[in-house]
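Visitor: I'd like to learn how to read a protein model. Could you walk me through one?

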Amino acid sequence: MRGSFNPMLVSVCVSAVVGLTNCGGGASPDALPTIVAEAPPPGAPPPSNAPPPANTPPPPDGSDGAGNAPAGVAPPPSSCTLLPPLPVRPSRVRNVKDFGATADDLTDDTAAIQRAINALSPGEWLVFPKGRYLHNTSIRVKTPNVVLWSEGATLHATNASNQAMWLEADGVSIYNFTLTAVTENRRTTPWESRIAVFGGSNPRRLLKNNVVRGNRVIWSGPAGSALANSASSAGIFVYHATNFLVAENQVSRSLADGIHVTAGSSNGKVLKNTVTETGDDMIAVVSYIGMDASTPASKVAAEYESRKAGNLNRGILIAHNTVSGQYWGRGITVVGGDGVRIENNSISKTTHAAGVYLAREVSYLTFGVRNVLVRNNTIRDVQTTAPDYITGKPATSFTRTRHGGVEIYSHLFADEAAIGWLRDALAVENIVVENNIIDGTIADGVRVGNGYERTWSYGGRPVTGGSVGLISLTGNKLSRIGTQGISILNRPTLNYNVLCESNTKDGSATAHNMCSGPKFKLPAVSVPVLCAS
Ligand SMILES: [Ca+2]
């Protein structure tokens, strides 16, 4: 199977047994039976210009990028989150109108735009003057280091199933566009997203140095209309890319995730974006092992290391974003990943599930989670409000998972749990949750280890809580909490403990009887450098 084109690898949350947990379900055993999501069947044919089968195994992603910062110590955030200056428009640029594109009329501009892009030499700029242009299929950019630059342009996609501004060469950048689209129901692939960083005909080639900045992926018509949403799948879809920057974009009402980072992406920054009212996670780092959830653990174990090399996301910085009001999914998530910093974000009105969610999930067979720093975020109104906007599938009425404001767990199939090293590999560990404000939750403020010592089933296979630990919860300020401030469900052991210090609930110290003291090992979080310049 490996090496053949697998829709699982390019999907935002599609599965044969779809969606009770990843991509919005919330995976707690007590929530399992309540939601049935819908998604295209896994065998649905891709569009005619979809990527052909990849015929090479995934390469190692080449990331290094991990420096060690002990718990609670990290480089100054300013050096990490400082944006580079915008590029200066060169005196000589190409103009899309010179290739026949016409703004503000009903004529389709796909051919003209594609002709203009194909005419670019590496490094050239293509300027889109003010006005609204139409395209009826994805626009593909295969020349490295070109810049797509809007000067007040709107791109409107008229095809729900093939609509991406598709960056498929190194260094391709897109700045300042307004992007609207026709949508039908929720889709899953990069070419059904609105901006895709994706290798296209060679999806396993690691793309480098792409920039998506200052764009607005927005809805353009009333609820219930074909213009009510902004993208059929994710608003911005980053697939197997490194050294990428997704900054200062707005995504509103995408049918799947707002910003979706997957497939062994590394050393990337997601900074200062605004994401609202999406149909799934607002910002997601998701690492699929890339096998169906029915795959027996023995097969997962046999292929684990090679798949990890190609599919595990590493070294992602998610900072200074504002996310609010999704009707399905979570606020900011790491569902499989190593080395992720989630800092200084504003997360609010997560009507369906957690504000911050760190989990290994069985439904999509993801990797574990390790080395995550969740710091200085403001997390407000976790399932305490109803969504202001809902559309289409999967959510025609909204549901609540009763996740914590911050939710941390590992779930394993029982046969995975029985293989000791695989159980450890799929753990959620080395996590620091520090100095966050968590204000307003329907259930716990922070919940760790849901599913521990419990057994339930998914897809007919027994599932159990996996290993969760080496977690530090320090200095968090909790208020308006529905149930417990901190809830620890796994018993502390040497390697799987939760340290709780200096947390408050309504101004008074709060902890939990399963919090362990410093007699156990502390987490040693290894977070991406990304801050050198
Ligand atoms: Ca036109």
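**Reading the model, feature by feature**

Guide: Let's begin in a loop: Glu277 sits between strand E19 (274-276) and strand E20 (283-286). Keep in mind that this is a predicted model.

Visitor: What is the phi of Glu277?

Guide: The general idea is that most residues other than glycine have a negative phi. Glu277 isn't a glycine, yet its phi is positive, about 55°.

Visitor: Is Glu277 buried or exposed?

Guide: Buried, because Glu277 has 25 C-beta neighbours inside 10 Å, and 20 or more is enough to count as buried. Now take Asp506, in the loop between strand E39 (504-505) and strand E40 (508-509). Asp506 is not a glycine and has a positive phi too, of about 50°. But Asp506 is exposed, with 11 other C-beta atoms within 10 Å.

Visitor: How much of the chain is buried?

Guide: The chain has 533 residues, and 57% of them are buried. Its secondary structure comes to 5 helices and 41 strands.

Visitor: Where is the bend in helix H3?

Guide: H3 has a kink of about 60°, centred on Tyr304. You can check the length as well: H3 (residues 297-311) has 15 residues, but its end C-alpha atoms are only 18 Å apart, short of the 21 Å a straight helix would reach at 1.5 Å a residue.

Visitor: Which residues of H3 are buried?

Guide: A handy rule first: an α-helix has 3.6 residues a turn, so residues three or four places apart point the same way. In H3, the buried residues are Ala297, Val300, Arg307, Lys308 and Asn311. They pack against strand E29 (406-413), helix H4 (414-417) and helix H5 (420-425).

Visitor: Which residues touch the most other members of the largest nonpolar core?

Guide: Val197, Ile236, Val356 and Leu358 do, in a core of 137 residues. Strand E5 (residues 147-157) gives this core its largest share, 6 residues. Beyond four places in sequence, the contacts of Val197 include Leu167, Val212, Val238 and Phe244.

Visitor: How far apart are the C-alpha atoms of Trp166 and Ile139?

Guide: They are 5.8 Å apart, although 27 residues separate the two along the chain. Trp166 lies in strand E6 (residues 165-167) and is buried, with 24 other C-beta atoms within 10 Å. Among the residues it touches are Ile139, Trp191 and Phe198. Across the chain, 78% of the contacts with a separation of 6 or more are between residues 24 or more positions apart.

Visitor: Where does pLDDT stay under 50?

Guide: Over residues 1-77. Where pLDDT is low, the predicted coordinates should not be read in detail. For the chain, pLDDT averages 86, and 83% of the residues score at least 70.

Note on methods
Residues numbered from 1 in each chain as written. Predicted model: local features only at pLDDT ≥ 70, side-chain atom pairs only at ≥ 80, totals over all residues. Core = buried A, V, L, I, M, F, W, Y, C linked by C-beta atoms within 7 Å. Buried ≥ 20, exposed ≤ 12 C-beta atoms within 10 Å, placed from the backbone. Helix = DSSP H or I, 4+ residues; strand = E, 2+ residues; numbered from the N terminus. Contact = placed C-beta atoms within 7 Å. pLDDT = per-residue confidence, 0-100. Expected span 1.5 Å × (residues − 1). Bend = angle between axes of the 7 residues up to and from the residue.
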